[in-house]
Amino acid sequence: MSKQENSADTTTTEAKFWDKVAKGYAKKPIDDEASYQKKLQITQGYLRPNMKVLEYGCGTGGTSLIHAPYVKHILATDISGEMIGIAKKKAKDAKVTNVDFQKASIDELSIPESSLDVVLGLSILHLLPNRQDAIKKTYSWLKPGGLFVTSTGCINDWSIAPLMKFVAPIGHFFGIFPAFFAFSKKDLINDFRTAGFEIQHEW
């Protein structure tokens, strides 16, 4: 099996998991509302009305819809068709017209180089088997001076990391957990710098 075929199979498996949990995910309250609101506020400080934005791993679209009034256009994508369906309904109900929701993996996106002002990748990098490739693609899509806004779990820095690494594969096998990939904050910073990014803000 080729690398591309293996990636497609992984995406399909994970999409089925997120399709299954989509309705419950949409109803679930945000774990740390204060932290989420702070991140929204900081992000909006960088947004401008003429900006073109991509969000990958958008889930049910809440963050893109919140940011929509501050930018020209957002393309919001997710591998889960069920998640995207919920996001489209939210946009319709809220009468938001400058966000397009699309079912697609990062590998399936066809985006010209240096065409985006901002890319959002929130709570997603630890779910990707190829995060370094995703970060490099993100860098190539951004205009000079463009911004990548991301927040993700650096699981290797957590005190419960050994337990998670033991339990999570079992949970994934039984369809309880999604696949996740452990790394440290140091690893992630190195990935960003290797791709060409300069870090302007840490949460």
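## Exercises on salt bridges and overall fold

By the distance rule used here, the count in this chain comes to 6 salt bridges. The model is a predicted one. Let's work through some of these pairs, then turn to the chain as a whole.

### Exercise 1: Asp107 and Lys137

Find how far apart the closest N and O atoms of Asp107 and Lys137 are, and say which parts of the chain the pair links.

*Solution.* 
- Step 1: A salt bridge needs a side-chain nitrogen of Lys or Arg within 4 Å of a carboxyl oxygen of Asp or Glu. For Asp107 and Lys137 the closest N and O atoms are 3.1 Å apart, and the two form a salt bridge.
- Step 2: Asp107 sits in the loop between β3 (99-103) and β4 (116-122), while Lys137 belongs to helix α5 (residues 131-141); the pair links distant parts of the chain, 30 residues apart.
- Step 3: Asp107 has 38% relative accessibility and counts as partly exposed. Lys137 is partly exposed too, with a relative accessible area of 27%.

### Exercise 2: Arg131 and Asp191

Decide whether Arg131 and Asp191 are buried or exposed, and place each of them in a helix.

*Solution.* 
- Step 1: The side chains of Arg131 and Asp191 meet in a salt bridge, at 2.6 Å from N to O.
- Step 2: Arg131 lies in helix α5 and Asp191 in helix α7 (residues 185-195), so this pair ties together parts 60 residues apart in sequence.
- Step 3: Buried means under 20% relative accessible area, and both Arg131 and Asp191 are buried.

### Exercise 3: Lys185 and Glu202

Work out where Lys185 and Glu202 lie in the chain and what their salt-bridge distance is.

*Solution.* 
- Step 1: A salt bridge joins the side chains of Lys185 and Glu202, with 2.7 Å from N to O.
- Step 2: Lys185 is in helix α7 and Glu202 in the segment after α7, 17 residues apart, and the pair links distant parts of the chain.
- Step 3: Lys185, at 41% relative accessibility, counts as partly exposed; Glu202, at 44%, also counts as partly exposed.

### Exercise 4: His67 and Gly81

Name the helix that holds each of these residues, and list what each one touches, leaving out residues up to four places away in sequence.

*Solution.* 
- Step 1: His67 is placed in helix α3 (residues 62-67). Its relative accessible area is 3%, and His67 is buried.
- Step 2: With sequence neighbours up to four places away set aside, His67 touches Leu40, Thr43, Gln44, Leu47, Ile74 and Leu120.
- Step 3: Gly81 lies in helix α4 (residues 81-94) and, at 29% relative accessibility, counts as partly exposed.

### Exercise 5: the whole chain

Find how many helices and strands the chain has, and explain why it is as compact as a globular protein of its length.

*Solution.* 
- Step 1: The chain has 7 helices and 5 strands, running α-α-β-α-β-α-β-β-α-β-α-α from the N terminus on.
- Step 2: The radius of gyration is 17 Å, close to the 17 Å that the globule rule gives for 203 residues, so the chain is as compact as a globular protein of that length.
- Step 3: Buried residues make up 42% of the 203 residues. Of the contacts with a separation of 6 or more, 73% come from residues 24 or more positions apart.

Key:
Residues numbered from 1 in each chain as written. Predicted model: local features only at pLDDT ≥ 70, side-chain atom pairs only at ≥ 80, totals over all residues. Heavy atoms only, no water. Helix = DSSP H or I, 4+ residues; strand = E, 2+ residues; numbered from the N terminus. Buried < 20%, exposed > 50% of the residue type's maximum accessible area, 1.4 Å probe, protein only. Rg over C-alpha atoms; globule rule 2.2 N^0.38 Å. Contact = heavy atoms within 4.5 Å.
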